Amino acid sequence: MTDTMPSDLLDHARAAKGFMPEDEGALLHRIALERLPHGPALEVGTYCGKSGIYLGAAAQQVTRETGGTAVVFTVDHHRGSEENQAGWEHHDASVVDPELGLMDTLGQFRRNIARAGLEDHVIAVVGQSTTVASHWRTPLSLLFIDGGHGEEPARADFAGWAHWVEAGGYLAIHDVFPDPADGGRPPYELIYLPALASGAFTEVTHTGSLRVLQRTAGSAGAPL
């Protein structure tokens, strides 16, 4: 199984709004290829679907080569994280609903996934991460956490989702900055460090701010 992303899908990923550098997207695609034959993947934090295209490309390839049905669930309320709101660094007025005055990235996400031909493989779950997590019961071969970067959302995403990674599965965390000069602290302090401290995860690789940990102790659903 080749780990090179098809050029047409890479073009779609490049064109989508988002904050995933291409080298980090390539790593996300590679680990998804490795894990999707074993079960579904789930992404927390979708925005306009850039990372979803990297994951969906892997799901499409795994489906074609194994004859199974590989899928990626993406969880997002599509109202934007704290850092996406008006007055913040990553605000984009083009994704504000003019009637409601609220962020709404769902339409752009759906268009990007449709244009890439990945609607059979990338399944949108629209809602608050904490609400969806409280009802989730399916083991995950890959969990990618890239949701809100404030303290409360980061803490809640770890508590709600990390224990659903199956034995041998991967927990990928975006925007992990050990040096405070490089970026915000919550993904590092409230997801990455607690995962390692739990004794259930071991870091296996990283590129840029994307850290990949493997579940080396415990099983899906078991408390961390």
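**Note on side-chain pairs in the predicted model**

1. Tyr188 and Tyr192 lie 4 residues apart in helix α7 (residues 186-197), which means that about one helical turn separates them; helices here are DSSP runs of H or I with at least four residues, strands are runs of E with at least two, and both are numbered from the N terminus. The two tyrosines form a stacked aromatic pair, with 5.6 Å from centre to centre and 25 degrees between the planes. Rings of Phe, Tyr and Trp (its six-membered ring) pair if their centres lie within 6.5 Å, and planes under 30 degrees apart count as stacked, over 60 as edge-to-face and the rest as tilted. Tyr188 is buried at 16% relative accessibility, and Tyr192 is buried at 8%, where buried means under 20% relative accessible area, exposed over 50% and partly exposed in between (1.4 Å probe, protein chains only).

2. As to the basis of these values, this is a predicted model in which local features need pLDDT of at least 70 and side-chain atom pairs count only at pLDDT 80 or more, while totals for chains, interfaces and linings use all residues. Residues are numbered from 1 along each chain as its sequence is written, and side-chain values use heavy atoms, with hydrogens and water left out.

3. The whole structure holds 4 aromatic pairs. In one of them, the ring centres of Phe73 and Trp136 are 5.4 Å apart and the planes stand at 75 degrees, so the pair is edge-to-face. This pair links distant parts of the chain, since Phe73 belongs to strand β2 and Trp136 to the loop between α5 (129-135) and β4 (140-145), 63 residues apart. Trp136 is buried, with a relative accessible area of 11%, and together with Phe73 and Trp161 forms one aromatic cluster.

4. The structure also contains 7 salt bridges, a salt bridge being a side-chain nitrogen of Lys or Arg within 4 Å of a carboxyl oxygen of Asp or Glu. One of them joins Arg14 to Asp11, with the closest N and O atoms 3.4 Å apart; the two residues are 3 apart in helix α1 (residues 7-15), and therefore separated by about one helical turn. Arg14 is partly exposed at 46%, as is Asp11 at 45%.

5. Another salt bridge brings together the side chains of Arg79 and Asp104 at 3.9 Å, N to O. These partners are 25 residues apart, and each sits in the loop between β2 (72-76) and α4 (106-115). Arg79 is partly exposed at 33% relative accessibility, and Asp104 is partly exposed at 31%.
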